[in-house]
Amino acid sequence: MNVTRFLDHVESDRRYRNQITHIQVIPARPARYADTQAPLHPLLRQALAGMKIERLYSHQAEAIDAAMQGRHTVVISGTASGKTLCYNLPVLHTLLERPESKALYLYPTKALAQDQLRGLLRFKELCPDIPVYAGTYDGDTPQETRRRLRDNGNCILTNPDMLHSGILPNHAGWSEFFASLQWVVIDEIHTYRGIFGSNVTNVIRRLRRICKHYGSDPVFLCSSATIANPSELAENLTGHRFTVVKNDGSARGVKYFVLWNPPALGETMERRSPQAEATELLVELVRERVPTIAFARARVITELMYRHAREQLQRYSPSLAQAVRAYRGGYLPTERREIERQLFSGELFGVASTNALELGIDIGSLDACLIVGFPGSISSTWQQAGRAGRGQEEALVVLLAQNAPLDQYLMQHPDYFFGQSCEHAIVDGNNPHVVLNHLRAAIFELPLPIAEETDFGPLAPALIDLLAEDNQIIRRGNAWYWRGRGYPADDFALRSVCENNYTIVDTSEGRNQVIGSTDEVSAFTQLHTEAVYLHDGETYFVAKLDLAERVAYVHRTEVDYYTQAVTDRRVRIQAEQTQQEWRGSQLSFGDVEVTFITYMFKKVKFGGRDSIGFGKVDVPPVPLDTCAMWLSPRLDAFQAVRAAGRSAMEGLVGVANVISEVLPLFAMCDPSDVGALVDSTNSGVPTLFVFDRYRGGAGFAQKAYELIEEVLNACCDLILGCGCYDGCPSCVGAPIPAQVQTVTDAETKGRIPDKEAALVILHSLLECEPYQPRRKKRPLVSLPHEGPVADLDEEIERAQAPPLSENTERLLRQQIARLKRRREDVK
């Protein structure tokens with residue numbers, strides 16, 4: 001591909017409106033080769049020759065040497081750099097030397113396991129004497145095939161979910177396999193973060209117990225996209241120390257990385273839809289016969305891009321219209337395999353995909369990659385960008401910004417994006433809500449000796465006592481035994497932590513088909529009556545959310561909007577784990593209870609952020625016990641805002657809106673994984689809270705606590721870089737409807753707070769030069785309220801009043817109780 005010529009063509013088009021904000025040219029890199037310290041088995045060298053691989057890259061040789069020396073190894077290298085050989089060659093070499101040995105491969109998705117199976121069996125095709133009997137063992141595997149793999153397989157490819165619920169609880173049937181287990185391969189470990197990572201950590205703890213029971217101690221081989229903490233993540237997941245291999249020796253051609261900001265619409269701060277812009281670029285690239293992949297975060301967006309691209313290409317060339325496909329979860333496995341084959345063979349010139357193709361499924365050589373909206377992490381962005389530029393040819397990557405704070409920040413600060421190391425992948429294996437579930441499953445699988453309790457973390461002994469009190473386990477001698485009923489591994493899923501799950505039933509065309517399930521908080525915000533629910537690229541209307549049966553009844557419908565819940569969130573501090581004075585402000589981290597109250601929803605057009613209607617929601621509040629960071633600004637920060645004639649509350653709400661968008665730059669999470677709110681009921685002064693949206697926490701709020709300086713600096717840069725005058729959806733918030741009658745200081749979404757007040761507070765918190773706000777151009781947008789709003793100085797003065805003594809407070813509470821009883825007696 002001649003990238004320069006294509007970009008010149010784009011810039012000369014009459015539709016071009018200076019969307020390109022930056023072009024980063026990433027130079028070519030020659031391949032670096034190396035030999036392994038010990039020669040590979042002759043049959044492996046023969047198979048590699050059949051694959052036209054004459055020499056190994058330097059990182060492959062280094063990883064193989066470490067593995068063959070028995071060291072737990074994690075490999076960090078780019079897309080299409082040959083990571084698979086780093087673990088397949090040691091496994092196959094061992095099978096040739098010791099045919100009785102076994103290997104367990106773990107992949108985050110079934111599709112990736114199927115793809116990697118083809119690569120493993122390729123060795124068998126080229127050299128039939130290689131003793132590999134491999135297969136995928138997952139929910140799609142027929143029972144007879146499962147039995148054969150369990151009894152005879154020496155390379156089992158599965159996912160953590162099947163290991164958790166199908167293999168470990170039935171380990172007796174796998175006794176020979178576990179007794180001979182030499183290798184455990186964990187691919188794409190950067191995907192094991194948040195609550196999924198917490199669960200997988202405990203699945204690995206259970207796996208190691210089973211292996212020890214049968215006398216094996218396997219070596220762990222891991223691979224990952226580029227992240228900031230590969231060794232820490234691998235060690236947290238497995239409990240082992242790791243050798244890190246990150247000297248990527250693969251070749252790379254010149255890559256042009258373009259930042260593309262859709263044009264503003266008129267005088268407003270709204271922008272043209274990035275998917276519309278991406279569709280036009282996709283059409284132009286396909287017309288040039290440039291193999292292209294376009295990534296979108298939502299399934300429905302991939303389908304819309306695919307449909308519109310085909311319509312436009314049909315007018316130009318019907319044959320080219322047939323050379324474009326969509327790819328997403330929800331397609332039948334045979335459909336996905338066919339699309340992968342067409343991409344690999346070069347039959348397709350364009351594909352619109354969700355992140356289902358972000359992972360290492362082999363789809364051959366592509367020359368261009370369009371990324372519609374920041375994927376949520378720098379690591380994922382580079383992972384998707386790596387799909388283009390396989391080989392020495394030039395490649396094009398275009399990141400098209402949404403009109404959202406984080407996207408606009410990256411458009412304004414390209415040096416940050418290209419100079420920033422990738423994020424930390426965070427996993428908390430000691431979340432008590434997670435560990436409790438796995439202790440039940442582990443003790444069901446094998447008795448747990450007292451001396452091994454802390455293998456499940458420091459809180460395990462206290463959690464075991466709770467299970468014993470409930471008569472689910474019993475102590476006999478120096479071990480705990482299961483005495484409860486049922487099958488504990490079936491009581492919970494790995495990808496959520498909620499106990500109250502809701503089933504989604506499709507009633508279209510008279511059928512009643514279960515199409516999914518979700519946790520309670522998500523059900524109340526995404527599946528309330530009259531919601532539009534997106535599933536497998538289709539839009540469904542929620543006819544009824546049955547709270548008693550925990551079922552959402554939906555039917556398929558064609559609409560051009562989606563619904564977004566408007567919630568009130570209230571926080572109560574339960575326990576402070578740690579605190580510090582940071583630049584004169586009080587910074588804390590600990591346990592909190594956040595209560596979600598969903599009271600209305602708004603309808604939003606696809607491709608935009610404008611509301612086109614509203615409706616009421618009638619669901620009960622949902623409490624969430626989680627972890628949070630909270631920051632109580634020092635007094636002079638509030639005084640600086642008041643001196644500027646601004647509202648401190650409005651400023652803090654603006655900071656809260658921005659911080660949940662910025663945090664994914666530092667921790668591998670999605671903005672939906674964290675929440676931010678402002679509350680004054682706990683401390684008496686407005687306080688900024690950042691919390692994990694997972695029961696027990698997921699480590700993201702703790703990362704905000706640890707990196708508060710960097711996070712708030714990024715917030716300040718984002719707001720300063722926005723071109724609006726006094727606040728817009730791309731920096732400090734989004735507007736709310738005037739008819740909403742509820743107000744609390746906890747609600748941070750659905751409003752445009754005061755941008756200038758936010759900057760005054762941030763400059764004060766960071767002890768920068770005082771910020772001089774601009775004159776107000778419009779009245780502040782505030783929610784209607786009942787009664788007067790307390791003056792901030794009065795709140796601060798009350799917070800500084802001396803507290804009651806413990807005894808006085810006790811007596812006053814008794815008096816209040818007596819007065820309450822007297823009122824009730826009068827009635």
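**Close-up views of a predicted model**

**View 1. Helix 11 and the largest cavity.** Helix 11 gives the most to the lining of the largest cavity, with 4 residues. Keep in mind as you look around that this is a predicted model. The cavity shown here has a volume of about 150 Å³, and a search of the whole structure finds 7 cavities of 30 Å³ or more. Its lining consists of His9, Val10, Asp13, Arg15, Tyr16, Gln19, Trp260, Glu277, Glu280, Leu281 and Glu284. Two elements, helix 1 (3-12) and helix 11 (274-287), each give two or more residues to this lining. How do the lining residues of the largest cavity divide into nonpolar, polar and charged? There are 4 nonpolar, 2 polar and 5 charged residues.

**View 2. Helix 2 packed with helix 4.** Here you can follow helix 2 (residues 42-50) and helix 4 (residues 83-97), whose axes lie 9 Å apart at an angle of about 140 degrees. The two helices are therefore oblique to each other. On the helix 2 side, the contact is made by Leu43, Leu44 and Leu48; helix 4 brings Leu85, Leu89, Leu92, His93 and Leu96. Sorted by class, this contact has 7 nonpolar residues, 1 polar residue and no charged ones.

View 3. The strands form an open sheet in the order 6-7-5-8-9-4-10, with parallel pairing. Strand 6 (134-136) and strand 10 (243-245) are the edge strands, each pairing on one side only. On average, neighbouring strands of this sheet are turned by 15 degrees against each other, direction ignored. Zoom in on strand 4 (residues 73-76) and you will find it joined to strand 10 by 3 bridges. Within that pairing, Val75 has Val245 of strand 10 as its bridge partner. Helix 5 (residues 110-126) lies across strand 5 (102-106), strand 6 and strand 7 (155-158), and runs at about 170 degrees to strand 6.

View 4. Strand 17 pairs with strand 19 (residues 479-482) in the antiparallel sense over 2 bridges, and Trp480 in strand 19 is the bridge partner of Leu448.

Definitions and conventions
Residues numbered from 1 in each chain as written. Predicted model: local features only at pLDDT ≥ 70, side-chain atom pairs only at ≥ 80, totals over all residues. Heavy atoms only, no water. 1 Å grid on protein atoms, 1.4 Å probe; cavity = no way out; pocket = protein on both sides within 12 Å on 5 of 7 lines; lining within 4 Å. Points joined across faces, edges and corners; volume = space filled by probe spheres on them. Nonpolar A, V, L, I, M, F, W, Y, C, P; charged D, E, K, R; others polar. Axes fitted to C-alpha atoms, helices over the stretch in contact; angles between N-to-C directions. Parallel < 35°, antiparallel > 145°, perpendicular 65-115°, else oblique. Contact = heavy atoms within 4.5 Å. Pairing = 2+ DSSP bridges.
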